[in-house]
Amino acid sequence: MNAGGRPAPAMEPSSGDSGDAAPSPKARRDDVLALRSEIVAKLTYSIGKDPIVAQKHDWLVASILAVRDRIIDRWMASTREAFRTGRKRVYYLSLEFLIGRLFKEALSSLGLTDTVRLALGELGVDLDAIAVLEPDAALGNGGLGRLAACFMESMATVGIPALGYGIRYELGLFRQNMADGWQIEAPEDWLSFRNPWEFERREANYQIGFGGTVTTKKGWDGEPRQEWSPGETVLAVAYDTPVPGWRGEKVNTLRLWRARALDPMHLDAFNKGDHVGALAERTRAASISRVLYPSDATPAGQELRLRQEFFFTSASLQDLLRRHLMQFSDVRTLPEKVAIQLNDTHPALAVAELMRLLIDAHDIGWDEAWEITRRTIAYTNHTLLPEALESWPVTLMERLLPRHMQIIFALNARLLADTQHKRDEERIAPADVSLIDESHGRTVRMGFLAFVGAHKVNGVSVLHTELMKRTVFRNLHRLFPDRIVNKTNGVTPRRWLFAANPALTALLVEVLGEGILHDVERLSDLAPLADDAGFQERFFAVKRAGKERLAVVIAEQAGMKLDPQAMFDVQVKRIHEYKRQLLNILETIALYDAMRTQPHKSWVPRVKIFAGKAAANYAQAKLIIKLINDVARVVNSDPSTRGLLKVVFLPNYNVSLAEAIIPAADLSEQISTAGMEASGTGNMKLALNGALTIGTLDGANVEIREKVGPENIVIFGLTASEVETRRREGPSPRETIAQAPALREVLDAVAGGVFSPDERGRYGDLVRGLEEHDWFMVAADFEAYMRAQAEVATLWRDAPTWRRSAVLNTAHAGWFTSDRAIRQYAEDIWAVPANPRPRP
C-alpha cells in the first residue's frame, strides 16, 4: 500500500511505456478496478459531477487528479528523503519552462497508459479524446524553455534533488493565429479552466521591492550599513507542480511565482467613485506575471521586462535561503548545500540580489558574501546574439533597483582593481571587461555580471563554447581561463521518444530489450540492424504511420490533403533571421520553378512543413511568415506541379504540435547561419526519431555529424570562421547574387510581386536587404543549399540507403539525452552525486 492507502499499481508493458516485468492478469485487473474507482471518486467529490452528465473535460480533470495522487505520494517521499539525508540541492532559475501537456507524459513515465485507458474505457470514455483537451502550459517559447523542462525531468530521473524556479504566466507568450497569411497574436488563456497539476502555496510568499531610496546607517558593530526602503512592493506567491522522473521513483518540484498586490483594492478610492483607479495597484502588480516576453519596444515594456526578471529572481533566492536556513541554520554553508544554475542571462540579477540578501539581511561581510555568491552560482549561456545577452540602462536600474545598482558599481570597481595587473599583461582595456558599457549611453552588461558572479560558465555545444571564448566573453575568458566549460544540450527520451513515438519505442524494446527504456544510450546497439532489410521495412512502417497521423492534423488545420509517401521536409522552430526560414522558402521557390520548367524530370514528391512563432515586435520575422504563406498559396494551387510539391505553415507551434510533427519528419532542416545557433535541441529530437539532417556546421549539428557519421547527414554552407571572413572581406552580396542565376530569378519574382499580386511591393525591402548586406548569409549559402537539397533528393530515391541512414540516426542519437547532460553538470559544475547509468 502507498501513503494514501491505495494499492501501488503494477508497471505494465505496453507500446511506449514498457515496464520491467509483465504483471499477472489479476494484478492488472486490480489496477484497472482501483483506478476506475478513483477516477469516479474524483469526478464526484473533487469536481462535483455525476458520471451520467459529466463532460469530456470533467473526465480529463478527474483522471489527472487520480494520477496526480500517485505522484504526490512519491513527491512527498522524495522531499522527505532529501531533507533526511541533507543532500545538496540544485535550484534551477529559468524565465521559461515549456512543459507542454503533462497528462500523457505522466502516464507514460509511470507505466499507467494501458491501465488508465482500460479504466476509462469501462466508463465509456476514450483516453485519447480527453487527453487532447489538456492545454499546453504557456510557460515558454522555444528551445530555452523546452531545455529547462527536459532538465527538470532528467534531474528527477537521475536522482538529483532539485527545484525549478520561474514565473506562472497567466497568458503565456501568445496564441499564434493567421489572418490572410499574417501572424496575429492573441492571449494564450491556458489557465481559464484552472491547472489541476499545481498547488498554491500561500505560506510561501515573499515581498519584492522596487524603487525607493537607499540610506546609510550604523550597524550593530558600528560599521556603516546600507538600508533599502522600496517605494513599491508586490507579493510573490508560489505555485508548485510535481515533476516525476522515469517510473516516478523520484519527484522534484517546479515552483512558479504569481505576482499580486499587497492590497487587493484601495477601498477609499473605490468608495469615492474612482473604481478603476482603486484597482490600479492590483493591475500593475499582476502585469508582472501576465505575459511572457512583453514587447520591450517602449520604455514601459522595457521596465516590465526588468521587473519580471527581478521579481522571480528575488522570490526564488528568498525562498531557497529560507529553505536552507530551516534545514542547516547557517547561511555560510550555502555553497556546500546549494547549487544555483542560471538558465541564460534573464536571472543574472541573482548575483546582485544574493549579495544584497547576504549583506543587508544576514549581516555577512562583503568579501565573505562575494565568496559565497560566486561559489554557489553557475551560469549557462545560450546565445551569442547581443540582444539576447541583455543590457539595462543604468538610469532604469538606478530608478527601479537602486540598491542593486550600488552593488553592481561596487562589484565593477573591485573587478577592475583586482584584475588590473592581469589586464595590463594581456593588454585589455578596462572598458572591455567592465560591467558597465559606456559606448552608447551607460548600460549594465548582464551577461558580464552573470559571468563574473559564477564559478562556472558553460556553453551548450562544443562550437558554441569555443565561440564564447573568442567573441562575447573573449576578454573575460583571458582573465579567468578556467571558468568556461562545455555542456552540450540534450533532450529527454521519455517525452520525445517514449511518449511522442510509442510505436517506435515498442519496436526498439522488441529488438533491443527493455533496458533501452532505462538507458537510451544503448540505442547504439541498433546500428547492426541498419542494413537489415526486414528491420528497415518495420522501421519505416512506423514512420509512415506517423506521417499518416500528421497528414490528418494538417488536413484538419490547413484543409490540405497530403501523400504520406512524399518526403516530409520539416523546419519547426522560432522564426528568426539567423535560423533562415527565408533561405528554405527561397530554395522552395527555385524548386517550384524547376518543376514547372522541367516537368520531364523525375522529381521527388516533397511536403515543406514550417511552424514557429515570431516575436510580436519582430517585423522581419513576421514578414517571412507571410512570404511562406504567400508561396504556399501559389504553389499549392498550381496544377503544373502535379501535387509533387506542397508547402504548409502550421500555426501556434507548441509542444503538442511538435509531438505530432517530429515522429513524422523525414528531413530535419537545421540551416542556421554558422556560428549563431548555440546548440539547438530540435535537431536532436528529430534525429532520435529517424529524420536525416540537412544543416550547416553550427551548434550541436557538429556533434550530431560526429555521432551519426558524415555519410548520414547532409552538411552545406559556410563555416563559422568563413562567415566572419566573408562579413569582413566580402565579396558583396550583389556580386554573389549576380553569380547565382537561380537566386537572381527567385529574388526578382519575390520582389516583383509574383507571390503578392495584391501588394506587389510587399517584399521589396526584404530583397534589398539581401542585396545590400545579407548579414545572415542567405545569398552566400543559397547555391550550396540547393546542391545539398539535390543530394537529399538523390538519397531519397535510393530507399535502402536512406532507410539505413535513418536507422543510424536513431541509433547514434542516444548520446543527446538530457540525462547525460545532467550527469555532466552534476559532476563538473554542481558537485552533486547523481545515479550512475544503469549497467547492461
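These questions and answers walk through a predicted model, its sheet and its nonpolar cores. Local features need pLDDT of at least 70, side-chain atom pairs count only at pLDDT 80 or more, and totals for chains, interfaces and linings use all residues. Residues are numbered from 1 along each chain as its sequence is written, and side-chain values use heavy atoms, leaving out hydrogens and water.

Trainee: What is the strand order of the open sheet?
Mentor: Strands are DSSP runs (E, at least two residues), numbered from the N terminus. Two strands pair if DSSP finds at least two bridges between them. The sheet has nine strands with mixed pairing, in the order S5-S8-S9-S2-S1-S10-S11-S15-S16.

Trainee: Which strands stand at the edges?
Mentor: An edge strand here has a single partner strand, so one of its sides lacks a neighbour in the sheet. The two are S5 (199-210) and S16 (484-486).

Trainee: Which residue in S16 is the bridge partner of Gly459?
Mentor: Strand S15 covers residues 456-459. S15 and S16 pair in the parallel sense over three bridges. The partner of Gly459 is Asn486.

Trainee: Which residues touch the most other members of the largest nonpolar core?
Mentor: Such a core joins buried Ala, Val, Leu, Ile, Met, Phe, Trp, Tyr and Cys residues through side-chain atoms within 4.5 Å. Buried means under 20% relative accessible area, with a 1.4 Å probe and protein chains only. This core holds 158 residues. Those touching the most other members are Phe103, Met155, Phe311 and Trp830.

Trainee: How many residues are in the second, separate core?
Mentor: Its members include Trp246, Phe498, Ala530 and Ile585. The count for this second core is 84 residues.

Terms used. Helices (H or I, at least four residues) and strands (E, at least two) are DSSP runs, numbered from the N terminus. Buried means under 20% relative accessible area, exposed over 50%, partly exposed in between (1.4 Å probe, protein chains only).
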